Amino acid sequence: MQKVRLSSEQAPVHKLGDSQMTLSPKFRLAVIQSSLLNPSPELELSLRGEPLIPGLPDDVALNCLLRLPVESHATCRVVCKRWHLLLRNKEQFFTRRKESGFRDPWLFVFATDKYTRKIQWQVLDLTHYSWHTIPAMPCKDKVCLQGFRCASIPREGTLFLCGGMGSDVDCPLDLVLKYDMQKNRWTVMNKMITARSSFASGVIDGMIYVAGGSSSDLFELDSAEVLDPVKGSWRPIANMGTDMVAYDAAVLNGKLLVTEGWLWPFFVSPRGQVYDPKTDNWESMAVGLREGWTGSSVVVYGHLFVVSELERMKLKVYNSNTDSWEPIEGPPLPEQICKPFAVNAGDSTIYVVGQNLRVAVGRISRLNTSEKKWSFRVKWHVVDAPESFSNLTPSSSQVLFA
């Protein structure tokens, strides 16, 4: 098992970009027009004839500069005026990367300090293994981390934070926030129809679905709703048919899978529901699927994987043909990764974030054992976090591409 060690001296935490956000009492965002997007005529004239990299055409030079790690931008800006113009503004930098077809993964981790209870986002560049910060969220200070739910649209570089629980009054929230990596900015979206915490969430065809959870009177909910991120509007969808606080959820084959998970002392089989947006209908989850769902899930290669919290932290995969779970080849989760976990995936790689924000990176390879059946193998390596993260506990993680 390969281990990547990052000490506090070797791995400072960098700002992903200067905050472009100011908040009014109503959390309205002030948009600052970038001089990089609209350079002055005088500046354009001063830069004419000055190559980005002497001896290279500008398109080739730009392709090179767009590969620079974010943490090197402050140093590289002093090279010349054109480098300064390109690298001083992260919105322009990530816009140009997107236009050029770059799509490197970044791991966003939602965490809390176990002593101060302060919530925060930490961001790991999964190409260079460097940590970064982003602007603080525009929400109240006294909130309970576990009540929030996160969803993302990875290829667009956006994530959504919904719901939550006010820790001062134990009251669910209807808050909805959107973070745009390209702009490095939070936006307050329209509120959910129903305030809820500890609910299921997932993204299907670019739409954000939420279901179940705890209500303002702390009873379980069966209601569900969907957000159109483009229009910014919520609308109700069919009720689940059973009140449920969600332990985990996943999107598989265009459907939202919701499970309440196993609860000690395991006297009652866990409930599970499956939502099909094409028919706006819920149905009961297959018995084998819900009874074997014993950990946090991700979808890779169109298959549902679970990091099991019962079978020595082994990774297993669901077989829909037999309605059963099968262990995959490879070692269990590395011992350095301690619960609670935050699990997500990007392409064929699983990321498991543990206590102190150590990250286990699991590369999944697919083995064709027959014409109709696949088997899988995992290989892990661990990315250590800076010592300054020793008090942080993860709640959620999302992989965005930029």
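In the predicted model of this protein, 55% of the contacts between residues at least 6 apart in sequence join residues at least 24 apart, a contact being defined as heavy atoms within 4.5 Å. The protein contains six helices and 27 strands, where helices (H or I, at least four residues) and strands (E, at least two) are DSSP runs numbered from the N terminus. Of its 402 residues, 51% count as buried, that is, under 20% relative accessible area with a 1.4 Å probe and protein chains only.

This is a predicted model, in which local features need pLDDT of at least 70 and side-chain atom pairs count only at pLDDT 80 or more, whereas totals for chains, interfaces and linings use all residues. Residues are numbered from 1 along each chain as its sequence is written, and side-chain values use heavy atoms, with hydrogens and water left out. The average pLDDT, the predictor's confidence in each residue from 0 to 100, is 85, and 85% of the residues score at least 70. Residues 18-40 fall below 50, although this stretch has 37 contacts in the model beyond near neighbours in sequence; residues 42-46 are also below 50, with two such contacts.

Methionine 181 touches Leu16, Phe94, Trp106, Phe108, Gly157, Leu400 and Ala402, when residues up to four places away in sequence are not counted. Serine 130, found in strand β5 (residues 130-133), is buried, with a relative accessible area of 7%. Leaving aside neighbours within four places in sequence, serine 130 is in contact with His14, Glu71, Val123, Leu124 and Asp125.

Methods:
Buried means under 20% relative accessible area, exposed over 50%, partly exposed in between (1.4 Å probe, protein chains only).
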